[in-house]
Amino acid sequence: MSEPKRIVIVGAGLAGASAAAALRDNGYDGEIAVLGAEAHRPYELPPLSKRILLGQSDEPDWVRDADFYSGHDIDLRLGTGATRVELGARVVQDARGGRHSYDRLLLATGSQPRTLPVRGVDLPGVYSLRTLDDALALRSAFAGSPRVVVVGTGWIGTEAAAAARQQGAEVTMVDVLPGPLWVLGPEISEVFAGLHTEHGVQWRLGSGITELTGGPSGVTGVRLADGSELPADVVLVAVGAVPRVDLAHAAGLELADEGGVAVDASLRTSAPDVYAAGDIAAQWHPRYGRRVRVEHWANAKNQGAHVAANLAGGQEPYTRSPYFFTDQYDLGCEYRGLADPSRDELVVRGDLGKREFTAFWLREGQVTAAMNVNMWDDGDALQALVDGEAKVTPEQLRNSDLAALP
Ligand SMILES: Cc1cc2nc3c(=O)[nH]c(=O)nc-3n(C[C@H](O)[C@H](O)[C@H](O)COP(=O)(O)OP(=O)(O)OC[C@H]3O[C@@H](n4cnc5c(N)ncnc54)[C@H](O)[C@@H]3O)c2cc1C
């Protein structure tokens with residue numbers, strides 16, 4: 001493939017900005033335009049539910065310094081949402097009436113919070129958390145020890161609950177599932193439940209919500225499926241995210257059954273000149289032999305950097321396994337790989353009770369995922385176990401030197 005003269009990137013988040021930066025790092029000297037719907041220059045989302053909600057900082061981690069984009073001849077258009085992609089004409093239209101022709105296009109539009117289909121979600125005092133502006137607004141709402149109800153006990157719900165508790169709010173977490181972070185299986189869920197309980201979080205688990213009550217002056221409560229009502233001054237709805245695929249869908253690009261834009265191993269969509277990366281990309285992953293869509297920081301950063309070479313004419317498959325991290329109170333953890341706790345065997349090295357352990361998930365003797373909690377010395381060994389194909393036993397994982405395993 002010859003090198004394109006002009007590349008347009010839609011979405012000025014981590015994946016989009018990483019792609020733009022990597023294009024220049026790789027020596028691409030054609031035109032690059034990046035369209036971003038938000039007013040802020042590209043930033044990373046993880047600090048929003050941690051440092052920023054905790055009041056430790058007003059600024060996120062910027063993907064690059066303010067002068068990087070102009071200094072590298074990248075035409076960064078902020079506050080400029082793309083509204084339409086014309087595949088035939090190879091043009092992106094934006095909300096300000098601009099038309100941007102491209103030889104190659106990258107879609108990196110990320111995700112948006114899933115909404116709850118119940119009455120009262122639009123009341124003042126009801127929040128979701130995706131952007132810097134969301135985080136600053138939620139942080140202000142946490143001031144003055146309010147009663148906070150967090151609906152959803154996934155990563156963002158648990159991190160936000162920790163931040164709210166650390167600022168003196170009364171916090172109740174609600175979920176239809178039996179425990180927080182249930183995606184990791186019951187044993188690990190119990191570790192996080194214990195952590196939050198020790199910090200004073202209250203629970204209403206195994207229960208959906210039917211309504212948010214209140215009036216024009218704000219939310220006052222959360223009605224549960226059993227008819228009871230939890231009083232609330234602030235409600236955070238954190239029930240997951242959905243990939244923003246409307247542009248791709250309207251353009252006629254193939255979507256994946258699992259959600260997201262279908263891309264091949266090289267992150268190319270069903271249109272040969274259009275690629276997708278980050279949260280929206282449902283990639284045919286060579287390691288897993290199936291489509292995988294990952295809503296994690298490292299995936300957005302690494303896919304963005306990787307797809308740059310393919311936008312410029314390469315065809316390299318993206319092969320990295322997923323990586324994720326979280327910080328809640330004094331617990332820090334990393335997760336590598338892709339397990340299915342409903343079918344993989346859980347093996348624990350260390351002490352779940354002390355919250356110092358590494359959890360492994362094993363399938364037919366192979367490590368599908370490893371999660372280190374408050375243990376930081378084995379990162380490379382864990383990555384090698386997740387990425388390798390060697391068979392290991394539960395006994396080896398519990399007691400052997402991990403770096404010496406095959
Ligand atoms: C609060 C929070 C905390 C998180 N913490 C962690 C963590 O601890 N660890 C971890 O691994 N992951 C974490 N994540 C997930 C991780 O940050 C995301 O997976 C990652 O940011 C996805 O990057 P992206 O570039 O695909 O999408 P985004 O970062 O969402 O960027 C997409 C950008 O595209 C813009 N956009 C959308 N549509 C258009 C359009 N039509 N035109 C122009 N622009 C458009 C959006 O405004 C947005 O700025 C967290 C996410 C959130 C919300």
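Helices (H or I, at least four residues) and strands (E, at least two) are DSSP runs, and they are numbered from the N terminus. By that rule the protein has nine helices and 26 strands. The structure is a predicted model, in which local features need pLDDT of at least 70 and side-chain atom pairs count only at pLDDT 80 or more, whereas totals for chains, interfaces and linings use all residues. Residues are numbered from 1 along each chain as its sequence is written, and side-chain values use heavy atoms, with hydrogens and water left out.

**The whole protein**

The radius of gyration, taken over C-alpha atoms, can be set against a globule rule of 2.2 Å times the number of residues to the power 0.38. Because a compact globule of 406 residues would have a radius of gyration near 22 Å, the 22 Å of the protein agrees with the rule. Along the principal axes, the C-alpha atoms fill a box of roughly 60 × 60 × 40 Å. Of the 406 residues, 53% are buried, where buried means under 20% relative accessible area, exposed means over 50%, and partly exposed lies in between (1.4 Å probe, protein chains only). Contact means heavy atoms within 4.5 Å; among contacts between residues at least 6 apart in sequence, 60% join residues at least 24 apart.

**An annotated region**

The unreviewed UniProt entry carries the annotation "domain: Reductase C-terminal" for residues 323-401; UniProt positions are given in the numbering used here, feature names are shortened, and annotations may be inferred rather than shown by experiment. Over residues 323-401 the chain is 19% helix and 46% strand, with the end C-alpha atoms 22 Å apart.

The C-alpha atoms of Ala265 and Val239, by contrast, are separated by 29 Å, with the two residues 26 residues apart along the chain.
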